[in-house]
Amino acid sequence: MITVDRLTKKYGDKTAVSDLSFQINPGKVTGFLGPNGAGKSTTMRMIVGLDEPTEGRALVAGKRYAHLKHPLREVGALLDARAGHPGRSAYHHLLGMARSNGIPASRVGEVLDTVGLGEVAKKRIGSFSLGMGQRLGIAGALLGDPKVLLFDEPVNGLDPDGVRWVRELMRKLAAEGRTVFVSSHLMSEMQETADHVIVIGRGKVIADAPIEEVIASSSLNAVRVRTPQPDVLRRELLQLGMTVERSAGDAPDELMVVGGTLEEIGDLAFQHRVPVHELSLRKASLEQAYMELTAASVEYGSPSLVPDTHVTRATDHQEA
Ligand SMILES: Nc1ncnc2c1ncn2[C@@H]1O[C@H](COP(=O)(O)OP(=O)(O)OP(=O)(O)O)[C@@H](O)[C@H]1O
């Protein structure tokens, strides 16, 4: 378990992390999301004792990192994939880590095989690709067989096969009852991997909830209805306070309804004898929910590349 308690980090005038509190539980993959500069890496660095909090504390299994007897056996972290002397072999890099933490040397070969670097164990780290460096970083995190694992952007530089491998590894580690805390900018990947997400923006917690709950909070969740009498149904839906959208390119018999459940809409259609040819959920993605949640917290925003004329969705509200 990881406990972050009123954690604050200031660099001069800049507040990187502000009064952050949350708990990361075992047996789950918890995604750590937030725009660039939100404070994710700083928070992770404080959890593993690489940065001192200005205020508050971060605990692993109830202890400060500095008080852990054999840190690598309790918490493993991939924070900077470029760590390690470029002239050293992967094997000797990990062996040095193992020796200083009372971990048997036999474990080095095991983790190298786990991450798929067994055959290049004797090669210099300096000759490694970005993806190999990530795998080596993950091997370092796994070395002490710790109960708590932190991964900062673990799929950075990995090809699709590597991305899938990381996803399966995270899920396996969580299924073994470990605490898995992973930051990523790849929302589609997080949607596949995480059970729970913590979203931060400008150093503060914006959301801390099961992933399904975060997705359900999006205004883009809607019910798609196809009916030969869209105008009748639309009028009744609006009267109940639901929002009915129709996009320009869609079929004339299609309505997208926000603010109502499948049951409510199906029952309403039945009451008014409106035939329904389709009634289905259009679920928002984690990316859509994330974009809505963080809209106000983006430090370095991007201008839209889509011209206004491409916006096709027309929304009818109750008063329309
Ligand atoms: N050593 C430092 N000195 C000064 N400012 C720093 C330092 N480290 C981080 N910051 C600032 O703190 C804020 C949080 O940075 P951090 O790297 O934790 O964000 P992040 O969420 O990990 O971002 P990214 O997604 O881009 O990796 C940023 O504004 C950053 O510029």
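Which elements each supply at least two residues of the shell around the ligand? In this predicted model, local features need pLDDT of at least 70 and side-chain atom pairs count only at pLDDT 80 or more, while totals for chains, interfaces and linings use all residues. Residues are numbered from 1 along each chain as its sequence is written.

Strand 2 (14-24) and helix 1 (40-47) each supply at least two residues of that shell; helices (H or I, at least four residues) and strands (E, at least two) are DSSP runs, numbered from the N terminus. Helix 1 provides the largest share, 3 residues. Among the residues surrounding the ligand are Tyr11, Lys14, Ala16, Lys40, Ser41 and Thr42, where a residue is near if its C-beta atom, placed from the backbone, lies within 6 Å of the molecule.

The domain assignment, automatic or from a database, gives domain 1 (2-215) and domain 2 (216-316). Their C-alpha centres lie 38 Å apart. The contact (C-beta atoms, placed from the backbone, within 7 Å) takes 20 residues from domain 1 and 16 residues from domain 2. On the side of domain 1 that touches domain 2, two or more residues come from each of helix 7, strand 8, strand 9 (204-210) and helix 8. Helix 8 gives the most to this side, with 5 residues.

In helix 11 (residues 286-294), the buried residues are Leu286, Ala289 and Tyr290; buried denotes 20 or more other C-beta atoms, placed from the backbone, within 10 Å of the residue's own. Seen down the helix axis, these residues fall within an arc of 100°, so they line one face of helix 11; the arc is that of the directions from the axis to the C-beta atoms. Their cover includes strand 3 (28-33), helix 7 (187-193), strand 8 (196-201) and helix 8 (211-216).

Methods
A residue is buried if 20 or more other C-beta atoms lie within 10 Å of its own, exposed if 12 or fewer, and partly exposed in between; C-beta atoms are placed from the backbone. Two residues are in contact if their C-beta atoms, placed from the backbone, lie within 7 Å.
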